[in-house]
Every structure is written in structure tokens, then in C-alpha cells.
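Please examine the sequence and the structure shown below. The report that follows describes selected features in turn.

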Amino acid sequence: MLRKQLAVLGIVLAVGCGKDRADEAAADSLSRDLGMAATDSGAALNDRPTSPPRSTTPSTSSGGSTAASGRTLAAGTIINAATTTMVTSRNNKAGETLSATVSSDVLDSRGRVVIPAGSVVRMTITEIEPAENKSAKDGKIVLMPATVEIAGKSYPLDASIESVEHTLQGRGVTAGDAAKVGAGAAVGAIAGRVISGNKQGAIIGGVVGAAVGTGVAVETADRDVVVPSGARVVLKLTTSLTT
């Protein structure tokens, strides 16, 4: 009988302990905020991409490279350029300026651009003369480099002109040459009178003299030196150039 009563009492105590633990667990769960934060569906989404980092590489101008400062070209460096206007010994005179653009990048000994293609070279015409007669092989044009403009800044240019592309263009018989023709005709007329001793001889001599005079005019007619637009000019630095 006593064993039966003890068994019943143990069951009651076990049930009571289980209930107390259940109550404690419920209270603990209520004290915690296990729910997820509510989403505000009405707020605008900020899905714009972030700005890319700015490049630190210097930009290049259209049609050419950009040269950095502090770079040097050694004496003897060749610069190829092309004229921007036409020059002739008939229309142009010493003291005028001739411009040309650099045809290709000019690099230093380390392969870096010092003078970009498209830079402007300015030269002064110091002498310009036509070929004086038909037998003359060439006329004369002498250019003196003055400056080179790089990225808007002008630098003195100490260089020699190695070559200038040009042609010779005949002027034809000018007024001065026609005077030579007249002089030849007069000489021919006098010679005719001396030879024939009569007026008819003077006329014949005059015709012969005119023909001779025309030959002299053609022989002595000037031929102009012509440097066309786009003509190649080769320059050679005589001293170093630092930009």
C-alpha cells in the first residue's frame, strides 16, 4: 500500500516539474524578438551603380599623342614636317614666315613622345630667288627654323634644314625678256644693212635678228622656285631641345 502511494506522489511531482519548465520556456520565448524586420515596400530602391574611379592617365588630343614636359631630344634628331601653304619666288619674299606641321611623333632615346605629330613648326624665309636662266640647275630658297609649338606652348627651335621639296616653274617670256627680244631685232637690222647695203637687207636682217632675240629671251627666262602646300621639309636639331 505504501509503495503505491509513493509511486503516485512521484508521478505528481514529475508532472509539476515538467509544467514549470514549459512555463519558463514560454516566458523566455516571449521575451525574445525573433521576428524579422518588416520590409517597407513603398520605399524607392537605390539601385544606381556607383561611379567608376577616375582615370589618372592623361588624355590625348585628336590626331596626335600628348607629350609630357621635362623630356629632351638630343642634337642630331630628325624632324619630318609638311608645309601648310605654297611659297614661290614670284610671290613671296625674304622675311616672310612659312609654317609646317610635324608629320610623325618625334621620340626621345627612351621612346617617349617629345614632339607630337601635328605640332606646328615656324620658319623664316631668309632667301628666295628664281633660277635665272634655262641652263641654271635650280633657284634658291633658304629657310631658318624659328619655333615649334607643342600643346599650345612655343619653344625656340635651333635646327638646320636638310631638304625642302620643291619644283621649278617657268614664267614664260616676261616684259623684261621682251625688251631683250627688241634689242636682238635692232642688232639684226643693223647687221643686215651692213651685209646687204640696202633697205631690203635691213628688213631681212631685222627678221633674223628678231628670231635670235626670241631665242635669247627663252634662254634667259626665269624659272620660279615653287614649294607646294604639303611639301616635305626635313629638319635636324643642331642643339638639344627640352620641352
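How many salt bridges does the count come to? A salt bridge is a side-chain nitrogen of Lys or Arg within 4 Å of a carboxyl oxygen of Asp or Glu, and by this rule the count comes to four. This is a predicted model, in which local features need pLDDT of at least 70 and side-chain atom pairs count only at pLDDT 80 or more, while totals for chains, interfaces and linings use all residues. Residues are numbered from 1 along each chain as its sequence is written, and side-chain values use heavy atoms, with hydrogens and water left out.

**Salt bridges**

| Pair | Distance |
|---|---|
| R90 and D224 | 3.4 Å |
| E149 and R122 | 3.9 Å |
| K140 and E127 | 3.4 Å |

Strands, mentioned from here on, are DSSP runs (E, at least two residues), numbered from the N terminus. R90 forms a salt bridge with D224. Because R90 lies in the loop between β3 (87-88) and β4 (97-102) and D224 lies in strand β12 (residues 223-227), the pair ties together parts that are 134 residues apart in sequence. Exposure is described by relative accessible area: buried means under 20%, exposed over 50%, and partly exposed in between (1.4 Å probe, protein chains only). R90 is partly exposed, at 48%, whereas D224 is buried, at 5%.

E149 forms a salt bridge with R122. E149 belongs to strand β8 (residues 140-150) and R122 to strand β7 (residues 120-129), so this pair ties together parts 27 residues apart in sequence. E149 has a relative accessible area of 31% and is partly exposed; R122, at 33%, is partly exposed as well.

The side chains of K140 and E127 also meet in a salt bridge. The pair links distant parts of the chain, with K140 in strand β8 and E127 in strand β7, 13 residues apart. K140 is partly exposed at 36%, and E127 is partly exposed at 32%.

**The sheet**

Strands of a sheet pair through backbone hydrogen bonds, either parallel or antiparallel. Two strands count as a pair here if DSSP finds at least two bridges between them. An open sheet of seven strands has the order β9-β8-β7-β4-β2-β13-β10, with antiparallel pairing. β9 (153-156) and β10 stand at the edges with a single partner strand each, so one side of each is left without a neighbour in the sheet. β10 and β13 run antiparallel and are joined by five bridges. S160 stands opposite K236 in β13.

**The nonpolar core**

A nonpolar core is a set of buried Ala, Val, Leu, Ile, Met, Phe, Trp, Tyr and Cys residues joined through side-chain atoms within 4.5 Å. The largest such core has 29 residues, of which I79, I115, M123, V148, L157, L235 and L241 touch the most other members. Among the elements that give two or more residues to this core are β2 (78-83), β7, β8 and β13 (232-237). Contact means heavy atoms within 4.5 Å. Not counting residues up to four places away in sequence, L157 touches several residues, including I79, V121, V148, L235 and L241.

Most residues other than glycine have a negative phi. A151 has a positive phi of about 50° although it is not a glycine. A151 lies in the loop between β8 and β9 and counts as exposed, at 76% relative accessibility.

Terms used:
Helix = DSSP H or I, 4+ residues; strand = E, 2+ residues; numbered from the N terminus.
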